[in-house]
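Student: I have a model open and would like to learn how to read it feature by feature. Could you walk me through it?

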Amino acid sequence: MAKPAESDWMKFARAQPSVSAEERAPGAAAKAESFIIELADENLLLKIKRDDGRVALVELTPETAFYLREYLTNALATIGMPD
């Protein structure tokens with residue numbers, strides 16, 4: 001029998017890192033200059049080129065990619081879309 005979706009969600013939510021006041025300070029975080037998403041077997045690779053020239057690569061499971069999509073959708077709805 002498959003696990004209920006809520007149990008996976010709770011595990012994901014409990015594992016989330018927090019963002020400190022220092023990390024929220026203006027200029028503290030590098031900005032994304034561009035990104036690409038590619039398939040890697042059953043998962044997705046998210047590769048982000050930062051404005052400081054460094055590159056970050058993250059492998060996302062389908063579940064984590066779904067959560068990311070939901071978070072981005074909600075965040076964009078909160079701040080509004082640019083004209």
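Predicted model: local features only at pLDDT ≥ 70, side-chain atom pairs only at ≥ 80, totals over all residues.

Student: What pattern does the protein follow along the sequence?

Tutor: Reading along the sequence gives α-α-β-β-β-α. That makes three helices and three strands in the protein.

Student: How do I judge the span of a helix such as α3?

Tutor: Compare the distance between its end C-alphas with what 1.5 Å a residue would give. Helix α3, residues 62-79, has 18 residues and reaches 26 Å from first C-alpha to last, close to the 26 Å expected.

Student: And what follows α3?

Tutor: Gly-80 comes after α3, and its phi is positive, near 90 degrees.

Student: Let's turn to the strands. How many bridges join β1 to β2, and do the strands run parallel or antiparallel?

Tutor: For pairing, look at the bridges and at the direction of the strands. Strand β1 (residues 32-40) and strand β2 (residues 43-50) run antiparallel and are joined by eight bridges.

Student: How many residues lie between β1 and β2 in their hairpin?

Tutor: Two residues separate the strands of that hairpin. Look at Asp-41, in the loop between β1 and β2: its phi is near 60 degrees, a positive value in a residue other than glycine.

Student: Is Asp-41 buried or exposed?

Tutor: The cut-off for exposed is over 50% relative accessible area. Asp-41 has 78%, so Asp-41 is exposed.

Student: How does β2 pair with β3?

Tutor: Those two strands also run antiparallel, and six bridges join β2 to β3. Within this pairing, Lys-47 has Leu-57 in β3 as its bridge partner. The hairpin of β2 and β3 has four residues between the strands, and Gly-53 there takes a positive phi near 95 degrees.

Student: Now charges. How many salt bridges does a search of the whole structure find?

Tutor: The general idea is that side chains of opposite charge can pair when their charged atoms come close. In this structure the search finds four salt bridges. One of them joins Glu-33 and Lys-49, with the closest N and O atoms 3.3 Å apart. Glu-33 lies in strand β1 and Lys-49 in strand β2, so this pair ties together parts that are 16 residues apart in sequence. Lys-49 counts as partly exposed, at 39% relative accessibility.

Student: Which residue forms a salt bridge with Arg-50?

Tutor: That is Asp-52, and the closest N and O atoms of the pair are 2.8 Å apart. Asp-52 also forms a salt bridge with Arg-54, where the closest N and O atoms are 3.4 Å apart. Because these salt bridges share partners, Arg-50, Asp-52 and Arg-54 are joined into one network.

Student: How accessible are the members of that network?

Tutor: Arg-50 counts as partly exposed at 23% relative accessibility, and Asp-52 counts as partly exposed at 43%. Arg-54 is exposed, with a relative accessible area of 51%.

Student: Last topic: pockets. How much space lies in the largest pocket?

Tutor: For a pocket, ask about its volume, then about the residues that line it. The largest pocket holds about 660 Å³ of space. It is lined by 16 residues, and Ala-30, Ala-32, Leu-46, Ile-48 and Leu-68 lie nearest its centre.

Student: Which elements supply the lining of the largest pocket?

Tutor: β1, β2, β3 (55-60) and α3 each supply at least two residues. The largest share, four residues, comes from β2. By type, the lining divides into 14 nonpolar, no polar and two charged residues.

Student: What about the second largest pocket?

Tutor: Its volume is about 160 Å³. Phe-12, Gln-16, Pro-17, Val-19 and Arg-24 line it, which divide into three nonpolar, one polar and one charged.

How values were computed: Residues numbered from 1 in each chain as written. Heavy atoms only, no water. Expected span 1.5 Å × (residues − 1). Pairing = 2+ DSSP bridges. Salt bridge = Lys/Arg side-chain N within 4 Å of Asp/Glu carboxyl O. Buried < 20%, exposed > 50% of the residue type's maximum accessible area, 1.4 Å probe, protein only. 1 Å grid on protein atoms, 1.4 Å probe; cavity = no way out; pocket = protein on both sides within 12 Å on 5 of 7 lines; lining within 4 Å. Points joined across faces, edges and corners; volume = space filled by probe spheres on them. Nonpolar A, V, L, I, M, F, W, Y, C, P; charged D, E, K, R; others polar.
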